[in-house]
Amino acid sequence: MIPYEKLQSMPYGGDYNPEQWPEETWEKDMELLEAAGINTLTLNVFSWAAIQPSEDVYDFSRLDRIVALAERHHMHIVMATSTGAMPAWMAHRHPDILRVDREGRKRRFGGRHNCCPNSPTYLTYAPRLAEKLALQYRDHESIVAWHISNEFGGECYCENCEKAFRTWLKGKYQTIANVNAAWDTAFWGHTFYDWDEIVAPSMLSECGSWGGRDHTMFQTITLDYKRFLSDSMLHAYDLERDAIKKIIPGAQCTTNMMGVFPGLDYQKWAQHEDFVSWDNYPSPGQTYAEIAMPHDLMRGVGGQKPFLLMEQTPSVTNWQPYNALKRPGIMRLWSYQAIAHGSDSVMFFQMKRSIGNCEKYHGAVIDHVGTGETRVYREVASFGEELKKLGPAVFAKETKSSVALIFDWDTWWSSEASAGPTQDYWYRTEILRFYEPLRQMKVNVDIIGQQDDFSGYRLVIAPVMYMVKPGVAARLEQFVQAGGTFVTTYFSGFVNEHDLVTVGGYPGELRQLLGIWVEEEDALPEGAENHFTYHGVRHPAQMLCDLVHLEGAAQLDGAGYEEDFYRGMPVVTRNAFGGGQAYYVAAASDESFYRDFLTDLLAEAGTAPLTEGDADVEVTTREDARARLWFYLNHADGEKRVSIAAAGRDLITGEAISVGERTIAGRDVLIVEESLDR
Ligand SMILES: [Zn+2]
């Protein structure tokens, strides 16, 4: 749980690395930061080498001075454990800590996120450091949370990982016969007789590249290896967390996630955190819906609870092909967007720009000029002032939604690893086909996992539900039986949790619910189109076209393929199932189709958008028993119109806001607090 009891106002601040600067500069930094309304510092993210100069020597003297400095300036502290990058001496003396990459190359010292997750050295020294830090700082009330390592991720294919993989497999499957069955090793005669015959699926074994993306010959093995790597890093996280909690039982522990990140199963990880936190770095040109989606995903992995925005840049990144400046007002707008989707903080990487190496041109509150005379500093300070006025008004408020999108890491891994049917398929894109129009239509969307409870929703959408995990089809049937509306698409229901095809006809376990049989799937090359008509409008059928037979479902009015040998076969089907409906969309299409289709689905599901207005105005709500906050965010450069749905108080200006049409200035935000006190 976010430590609200320690926070009087929203955490505003971020990563501060004074160890990169002469000590005499620190005081001035703090004065500038305090004057900008910064109240929270993430300290000690990359200091392992400094605080542990050798195996048995720990030196916290400088960190003590940094902590004292932050406390003198009334800062809350997010204390990192610093294990995101190993010390050079450790790599030199204990090379087991170095990773082996997918090409089979043993890495040498360098970079970050570089520890082998199964290295005995790493698994000894990282939790030991976490424990030493907890002992050193256990009495510091200023520490509001513990930040374990940093942006966990990456891969390792070393011998230690290979051995640990075999142990993980024994735990999961018990016998080698079960492994052979789960991996379908009869294919290509890969049958294993001894655990030691199993090797990591790297480019030296099962993997290769063709068709412009990485592939593996044995998706079954690769899928389990991805799960194993995610679990290995989670185990490393757990060891540090437990080391801290042994000393400080009430410590609130988290690690910064990275949104739509393929490396780790965050739905599993979030169960091990006291609250979710994440780093938001949109790519250039992303739409506001694309930026919003990972916020909803991160809220979802944490069980729809508020999260902390742990990092964003105040101005510019350093790693993209073109590192465009955030235009005036964008930092504020995107910060409010995070809050609108469930964040209870606004934090930056970083407080001060380093003078050397790859992040020296990454944006910071304090630029190389070293003063407050910059546009970025002024924007940060002005926003800090505004957040102070907001106080804890947004804290702990939840997002209520009757629409859920299913997002599943195993489905992501297995569907993108598939050899065929098309190289144009990407899971994130499939999620966005539905998410983007819902966002523009001003609908709150929960992003949930297959394991989550569906019963609180009216509409559940599972774009490309390629993998159906045990029990999920039955739970979906119950959901629809009880009156829910369910939608899925092409390439769904194909495989079970081992990535083995469910025989007896696609979409496998979903066949009865959907009332269809998918006989074949046609992959259209980029630019090629079939067509269908929906509500009198002709739309393209693209990428994948399923050849669907009706088995109780109805073909929606006119929605049949118009060309090729499967002309007339249905594209959109609806199956009445108990008290609800189950829909199937057999091909990818254009934006206007998804918008029209979703409009119909919302109406049928008995739910409605929050309000209406221009597409550029994003609207969300967060609420508790006392108040509902309405967020109206204008993502356009110019003025846009929106309909205010509930009267209340403007949380930023205090002005009374009434129901009705209103314009919002370009890049501006209106937050209306609607009282729910009866
Ligand atoms: Zn390894």
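Helix H10 passes helix H11 in a right-handed crossing, the near helix being turned clockwise from the far one by less than a right angle. This comes from a predicted model, in which local features need pLDDT of at least 70, side-chain atom pairs count only at pLDDT 80 or more, and totals for chains, interfaces and linings use all residues. Residues are numbered from 1 along each chain as its sequence is written, and side-chain values use heavy atoms, with hydrogens and water left out. Helices are DSSP runs (H or I, at least four residues) numbered from the N terminus.

H10 (residues 288–301) and H11 (residues 330–340) pack at about 40 degrees with axes 9 Å apart; axes are lines fitted to C-alpha atoms over the stretch in contact, and angles run from 0 to 180 degrees between N-to-C directions. In contact (heavy atoms within 4.5 Å), Tyr288, Ile291, Ala292 and His295 of H10 meet Trp334, Gln337 and Ala338 of H11. These residues comprise 5 nonpolar, 2 polar and no charged, with Ala, Val, Leu, Ile, Met, Phe, Trp, Tyr, Cys and Pro counted as nonpolar, Asp, Glu, Lys and Arg as charged, and the others, Gly among them, as polar.

Turning to another pair, the axes of H3 (residues 61–72) and H5 (residues 120–137) come within 12 Å and cross at roughly 50 degrees. Here too the crossing of H3 with H5 is right-handed. Leu63, Asp64 and Val67 in H3 meet Leu133, Gln136 and Tyr137 in H5, a contact of 4 nonpolar, 1 polar and 1 charged residues.

Definitions and conventions: Helices (H or I, at least four residues) and strands (E, at least two) are DSSP runs, numbered from the N terminus.
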